[in-house]
Amino acid sequence: MITERLRSLRGAAVLVALLFAPPSVIAAADWQADSQILVASDPPPTELTLTAGKSAIVKSEIPIERISVGFGDIAEATAVSPLEVLLQGRTPGVTSMIVWQEGGTRRSFDITVVASRYLADSRVEAIKREMERELPGQQVDLSFANETVFLRGTVKDITSADRAVSIASTLGKTINLLYVNVPPPAAQILLKVKFASVDRNLSTQLGINILSTGAGNTIGSLTTQQYSPPTVTTTSPISVTVADALNLFFLRPDLNLGATIEALEVKGLLQVLSEPNVLAENGKQASFLAGGEFPFPSVSSGTGGTPTVSIQFREYGIRLTFTPTITPRGTIHLQVAPEVSALDFTNGLVISGFNVPALTTRKLNTQVELSEGQSFAIGGLLDNRTTDTFEKIPFIGDIPILGKLFQSKYSTKQNTELIVIVTPELVRPIPDGQALPALNYPRPFLPPNTGKDPRTPGISVTGPVPVKPPDEAIPVEKLMKSMQPLAAPGQQSVPSSGAPASPATIPPE
């Protein structure tokens with residue numbers, strides 16, 4: 001009883017003070033009084049967690065008078081009896097609920113509504129089953145949070161990693177945190193190419209030049225101009241100059257008549273057999289060139305319109321460029337471009353005093369697929385050519401029998417045969433201690449001056465090299481970066497047609 005009277009007197013004193021206080025003081029006092037009442041009489045808020053789409057019953061020991069929910073879109077409260085409240089979660093979020101009970105007491109609740117995990121968990125479990133089915137025996141862990149998929153674990157190769165990411169991407173954004181086992185060394189492919197070429201030619205020359213040193217008081221010569229005739233001077237004494245190397249030369253001083261006869265038969269034979277062997281890694285391009293570079297002039301406009309001749313260089317010889325790829329069938333797919341070129345001074349040009357040779361080239365570019373050790377004839381050529389040149393002096397050359405003396409004939413026959421054969425072979429490095437391939441030198445070299453070959457000390461001095469990678473598994477990004485080819489600093493691709501012009505220039509004649 002004494003406590004209740006003290007509370008009444010304290011409340012009356014507060015009421016009298018508020019009646020005579022300014023409005024700001026009244027508001028502050030009201031807030032403080034209400035706050036003191038909440039702290040003194042109401043218990044602390046109770047935390048409740050609901051799943052969207054599910055319901056819960058909140059029980060009260062004192063009859064309920066009124067219910068209030070902060071955000072009705074997040075949760076909904078319904079009094080189903082004087083002592084029970086049905087609370088339903090609607091959408092994920094955070095809100096609060098206050099329950100007024102008889103006697104003026106209140107209870108507050110902090111409500112958290114979370115999304116339903118049933119659909120997400122069922123999808124995640126389905127994806128995990130697909131992972132186990134497609135990647136058996138590989139450790140792949142999948143976690144799903146905030147609409148994001150996290151992949152962890154270790155797979156055997158990049159293909160398995162790509163497949164795991166493709167499967168997990170059906171759930172949403174995927175973060176690839178997989179590790180990949182360090183792959184074994186790549187396969188090495190040796191391509192053996194055989195160039196076989198035979199060029200044959202047959203040339204026949206037949207002609208006659210007639211000259212007179214005074215027969216019939218006439219000095220001169222009769223020719224078809226196909227073969228250079230001798231030159232007869234009309235001054236005394238009369239002389240004859242033969243400029244061409246001929247087969248036969250006849251002269252009758254008593255008759256003042258002479259003749260040069262061109263009767264030649266030339267046979268030519270050129271045989272080429274080249275067998276370049278080039279080693280390349282699976283999927284990487286390799287090239288080979290055995291030959292050289294020859295200079296040729298290039299005329300360009302200089303300062304003031306004066307032409308300037310610059311020297312450039314072009315490659316020639318035996319060239320081989322190929323890219324091997326091992327297919328899933330176990331065969332080897334080859335993109336191969338062999339080429340054989342040689343200098344041809346016969347068909348060259350003379351520019352500003354420079355003798356520029358031409359190039360005779362045989363090349364092809366094709367793609368084939370074959371197994372290890374098999375061979376393909378990827379190129380073949382049979383070329384037969386005949387060229388006849390016939391010249392005669394009109395009218396006289398048409399006379400039977402006698403007209404043969406006033407005719408010239410040049411005949412050329414050419415026959416070319418070419419075949420290109422390729423054979424791929426999978427190879428491994430030569431084991432340590434085995435004999436290395438060597439050339440057969442016709443003559444021995446001088447005896448060695450140094451007792452041992454110059455080399456880096458062996459394992460007995462430097463210690464053993466690691467036989468295992470430092471890490472059994474590495475991230476996918478690190479492995480893919482290590483597989484990218486690296487270009488040498490300052491290296492630039494030079495087209496096969498030639499190299500950049502030399503800075504040296506030569507003025508034209």
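**Entry 1**

The model is a predicted one: local features need pLDDT of at least 70, side-chain atom pairs count only at pLDDT 80 or more, and totals for chains, interfaces and linings use all residues. Residues are numbered from 1 along each chain as its sequence is written, and side-chain values use heavy atoms, with hydrogens and water left out.

I then noted the pairing of strand S11 (residues 188-213) with strand S16 (residues 257-274), which run antiparallel and are joined by 18 bridges. I call two strands paired if DSSP finds at least two bridges between them.

I followed S16 to strand S15 (residues 248-252), and these two pair in the antiparallel sense over five bridges. Arg-252 stands opposite Leu-257 in S16. I recorded S15 and S16 as a hairpin with four residues between them. In the turn, Asn-256 has a positive phi of about 55°.

**Entry 2: the open sheet**

I traced an open sheet of four strands in the order S8-S9-S10-S25, with mixed pairing. Strand S8 (139-145) and strand S25 (473-475) stand at the edges with a single partner strand each, so one side of each is left without a neighbour in the sheet. I noted that neighbouring strands of this sheet are turned by 15° against each other on average, direction ignored. Axes are lines fitted to C-alpha atoms, for helices over the stretch in contact, and angles run from 0 to 180 degrees between N-to-C directions.

I found that strand S10 (residues 173-181) pairs with S25 in the antiparallel sense over three bridges. Val-180 stands opposite Ile-474 in S25.

Helix H4 (residues 158-168) touches S8, strand S9 (148-155) and S10, and its direction makes about 160° with that of S10. Helix H6 (residues 476-483) touches S10 and S25, and the direction of H6 makes about 90° with that of S25.

**Entry 3: Thr-389**

I located Thr-389 in strand S23 (residues 376-392). Thr-389 has a relative accessible area of 30%, which I class as partly exposed (buried is under 20%, exposed over 50%, partly exposed in between; 1.4 Å probe, protein chains only). Not counting residues up to four places away in sequence, Thr-389 touches Gln-226, Ser-408, Lys-409 and Tyr-410. I noted that Gln-226 is 163 residues from Thr-389 along the chain, with their C-alpha atoms separated by 9.3 Å.

Note on methods: Contact means heavy atoms within 4.5 Å.
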